[in-house]
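Student: I would like to learn how to read a few features of a protein model. Could we start with a pair of helices?

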Amino acid sequence: MPDGDPALARELADWLEGLGLADQLAAAGLPTYERVDGVVRWTEPATGEPLDAGRLAELDRLLRAQGDDPAHAVPVALVRLRRETRRRQELLDGGWLDYAGVAALRGVSTNAARFAVHKAAERRTLLVVGHEGAILVPTFQLDDTGEVRTELLTVLEPLLASGEDPWRTWAWLTTPAALLGGAVPHEAARDPEELPVVQRAAVALAERSRSAQG
């Protein structure tokens with residue numbers, strides 16, 4: 001069954017494809033579409049039911065709600081989601097280990113590594129990130145034996161205690177930071193003279209995070 005408004009269905013799909021945002025619809029929990037024999041079919045995410053003309057118009061208004069001129073609006077939420085997706089992929093490309101990887105590096109069993117990772121996370125001495133049902137341990141924080149770098153312990157604690165999203169914590173620690181004059185926090189922490197500055201920056205970021213959450 002085609003959409004109740006074929007012209008709007010096609011126009012909306014063309015617009016999102018032109019912005020490079022069509023792939024973000026599903027991740028945002030929004031209706032998605034497919035092209036079948038030149039006809040654009042929009043469906044609800046939960047039921048797979050086709051969108052009628054009213055629902056399609058509602059979706060169009062929702063996506064164009066940002067900005068004074070709907071004709072030139074941009075679906076900001078989808079733009080943010082695309083940026084976040086790309087940034088997460090960059091972080092993943094930077095290196096991580098699962099339980100088996102930590103076990104291999106430490107020379108212990110996978111069960112022992114799993115237990116140690118969970119205990120370290122509880123003590124706020126190890127950054128772990130959930131991703132697609134798995135627990136990842138970013139490798140930047142580990143030394144050659146698989147243990148957390150000693151100099152990072154006092155940097156990680158305030159960040160992990162703040163309740164900040166682990167992905168954002170991972171990003172801050174591995175990206176040039178304004179609070180450090182453009183230095184990458186985990187790299188700057190290797191310098192004993194710079195470590196106190198990194199610690200203060202981590203505390204400041206943690207306090208800002210708590211204020212934002214409050």
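Student: How are helix 1 and helix 2 oriented to each other?

Tutor: Two packed helices are described by the angle between their axes and the distance between the axes. Here the axes of helix 1 (residues 6-19) and helix 2 (residues 53-63) come within 10 Å and cross at roughly 30°. Helix 1 and helix 2 are therefore roughly parallel to each other; angles under 35 degrees count as roughly parallel, over 145 as roughly antiparallel, 65 to 115 as roughly perpendicular and the rest as oblique. An axis is a line fitted to C-alpha atoms, for helices over the stretch in contact, and the angle runs from 0 to 180 degrees between N-to-C directions. Helices (H or I, at least four residues) and strands (E, at least two) are DSSP runs, numbered from the N terminus.

This is a predicted model, in which local features need pLDDT of at least 70 and side-chain atom pairs count only at pLDDT 80 or more, while totals for chains, interfaces and linings use all residues. Residues are numbered from 1 along each chain as its sequence is written, and side-chain values use heavy atoms, with hydrogens and water left out.

Student: Which residues in helix 1 and helix 2 meet?

Tutor: From helix 1 come L8, A9, L12, W15 and L16, and they meet L56, A57, L59, D60 and L63 in helix 2. Contact means heavy atoms within 4.5 Å. The residues of this contact divide into nine nonpolar, no polar and one charged. In this count, Ala, Val, Leu, Ile, Met, Phe, Trp, Tyr, Cys and Pro are nonpolar, Asp, Glu, Lys and Arg are charged, and the others, Gly among them, are polar.

Student: Is D60 buried or exposed?

Tutor: D60 is buried, with a relative accessible area of 15%. Buried means under 20% relative accessible area, exposed over 50%, and partly exposed in between (1.4 Å probe, protein chains only). Leaving aside neighbours within four places in sequence, D60 is in contact with L8 and L12.

Student: How many bridges pair strand 1 and strand 2?

Tutor: Strand 1 and strand 2 pair in the antiparallel sense over five bridges; two strands pair if DSSP finds at least two bridges between them. T32 stands opposite T43, and V36 has V39 as its bridge partner.

Student: What is the phi of D37?

Tutor: Most residues other than glycine have a negative phi, and most peptide bonds are trans. D37 is not a glycine, yet its phi is positive, about 55°. D37 lies in the loop between strand 1 (32-36) and strand 2 (39-43), and at 80% relative accessibility D37 counts as exposed.

Student: Where is E132 found?

Tutor: E132 is in the loop between strand 4 (129-131) and strand 5 (134-138). The phi of E132 is also positive, near 50°. At 75% relative accessibility, E132 counts as exposed.
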